[in-house]
Amino acid sequence: MDTGVLAAIFSKVDSPFGFQHFSQPCLGSGEALVAISLTTLCGSDLHTHCGRRRGPTPVVLGHEAIGRVVAVGSGLDTSWLERRITWTLTDSCGLCDPCTRWNLPQKCERLFKYGHGGLSDGSGLNGCYATHVVLRSGTHLVPVPNSLSDAMVAPANCALATMLAVIESLPTQGEQVVIQGAGLLGLYGCALLKTSGWKQVFVVDRQPARLLAVPRFGGVPILSTTQDAIPANSADVVIEVSGSASVIADGINWLRPGGHYAIAGLVHPDSALHLTGETLIRKCLTLRGIHNYAPRHLDAAIHFLSKHRDSYPWESLVSPPIPLSQLDEAFRLASSGKWQRVSVIPDGLGASVS
Ligand SMILES: [Zn+2]
Ligand SMILES: [Zn+2]
């Protein structure tokens with residue numbers, strides 16, 4: 001069957017997406033061609049779209065998705081064909097120091113990140129705002145059980161797996177944790193921490209609307225203007241997923257002596273921390289940055305969703321699907337903040353989607 005690919009091309013900040021047809025890509029060793037079933041718009045794509053974040057152009061953006069394997073290159077087992085999968089948002093070489101000695105494959109020296117490489121890089125078809133994506137050799141593929149819907153799984157290979165990496169980095173299990181930011185990472189964090197035994201999970205945000213979902217994911221919502229609700233020196237752990245450097249002072253204040261601060265949201269240049277060494281030393285604090293995740297975290301993410309499928313309203317986080325041909329509209333909707341994730345479904349636009 002013809003597996004011509006139709007992809008949305010991002011060329012310029014604040015410009016409409018263009019659509020381009022490609023013939024069926026020739027797969028290299030270890031590569032897979034995946035028909036996208038559903039993809040979701042991540043905050044990092046919104047930042048690229050509005051110019052807050054820079055990358056090569058033209059590019060097929062999009063990295064959160066679920067799909068079905070429709071072709072495999074030599075070296076990849078044909079048993080993957082027709083399987084419903086998700087995949088790591090990076091590939092890694094398995095040979096360099098970060099891969100082999102430092103347990104940080106997400107910092108591989110030859111790292112490639114889906115939805116971030118230019119069209120001139122290899123097949124160029126490495127983004128998910130398309131009918132198909134080419135997965136490169138070194139990408140970790142994870143089968144998805146049929147019990148999980150596309151909407152439950154699409155954001156797992158970015159937000160949920162990253163949150164699993166954050167939680168793995170925490171020192172030990174404690175009593176009280178504060179999450180700064182009620183975005184998708186914050187809500188996933190609530191569910192993960194509650195199910196792993198943390199007694200109290202506060203979630204702080206400055207937007208009341210974003211806090212509405214927090215109780216449904218096991219957390220206690222706190223509006224940032226009423227942050228006195230959390231006593232100073234009380235939290236074992238604070239997790240920053242708000243993206244705002246201004247919240248750090250509050251987090252330091254809430255941490256108990258010996259507490260642990262996990263910082264995962266400040267992935268942009270405007271992130272200087274106003275923090276003295278004296279504060280860190282006198283409170284004996286640990287500061288830990290976490291960026292992306294390793295393959296084991298995506299395995300754990302799918303396992304977690306399978307085990308807790310009915311425990312939390314996962315699908316309420318994702319909008320009804322918008323056709324790929326209306327990707328500009330999907331970006332407008334995502335910018336409105338109405339949904340934690342806006343989902344997009346390939347509608348073919350005349351391409352043959354096998
Ligand atoms: Zn993402
Ligand atoms: Zn490597």
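This is a predicted model: local features need pLDDT of at least 70, side-chain atom pairs count only at pLDDT 80 or more; totals for chains, interfaces and linings use all residues.
**Stop 1**

Colour residues 5-155 together with 293-345 as domain 1, and residues 170-289 as domain 2. Their centres, taken over C-alpha atoms, are 28 Å apart. Now look at where the domains touch. Nine residues of domain 1 are in contact with nine residues of domain 2. On the domain 1 side, five of the touching residues are nonpolar, two are polar and two are charged.

**Stop 2**

Next, select residues 200-205, which form strand 10. Strand 10 pairs with strand 11 in the parallel sense, over four bridges. Show V203 and you will find P221 of strand 11 opposite.

**Stop 1: Y261**

Select strand 13, residues 255-263, and show Y261 within it. Is Y261 buried or exposed? Y261 counts as buried, because 25 C-beta neighbours lie inside 10 Å. Display the contacts of Y261 beyond four places in sequence: V238, G251, L255, L285, T286, L287 and R288. Then pick S169. S169 and Y261 are 92 residues apart in sequence, yet their C-alpha atoms are 10 Å apart in space.

**Stop 2: a helix crossing**

Select helix 4 (residues 159-168) and helix 9 (residues 295-307). How do their axes cross? The two axes come within 8 Å and cross at roughly 110 degrees. Helix 4 is therefore roughly perpendicular to helix 9.

Show side chains at the crossing. From helix 4, take L160, A161, L164, A165 and E168. These meet H297, L298, A300 and A301 in helix 9. By class, this contact has seven nonpolar residues, one polar and one charged.

**Stop 5**

Move to residues 32-40, strand 3, and residues 64-72, strand 4. These two strands run antiparallel and are joined by eight bridges. Find T39, with A65 of strand 4 opposite.

Show G67 and look across to I85 in strand 5, its bridge partner.

**Stop 3: helix 1**

Finish with helix 1, residues 43-50. Which residues of helix 1 are buried? They are G43, S44, D45, T48 and H49. In general, an α-helix has 3.6 residues a turn, so residues three or four places apart point the same way. Now select 327-336, helix 10; the buried residues of helix 1 pack against helix 10. Last, step to G51, which follows helix 1 and has a positive phi, near 95 degrees.

Notes:
Residues are numbered from 1 along each chain as its sequence is written. Chains are lettered from A and ligands numbered from 1 in the order in which they are written. Two strands pair if DSSP finds at least two bridges between them. Axes are lines fitted to C-alpha atoms, for helices over the stretch in contact, and angles run from 0 to 180 degrees between N-to-C directions. Angles under 35 degrees count as roughly parallel, over 145 as roughly antiparallel, 65 to 115 as roughly perpendicular and the rest as oblique. Two residues are in contact if their C-beta atoms, placed from the backbone, lie within 7 Å. Ala, Val, Leu, Ile, Met, Phe, Trp, Tyr, Cys and Pro count as nonpolar, Asp, Glu, Lys and Arg as charged, and the others, Gly among them, as polar. A residue is buried if 20 or more other C-beta atoms lie within 10 Å of its own, exposed if 12 or fewer, and partly exposed in between; C-beta atoms are placed from the backbone. Domain bounds come from an automatic or database domain assignment.
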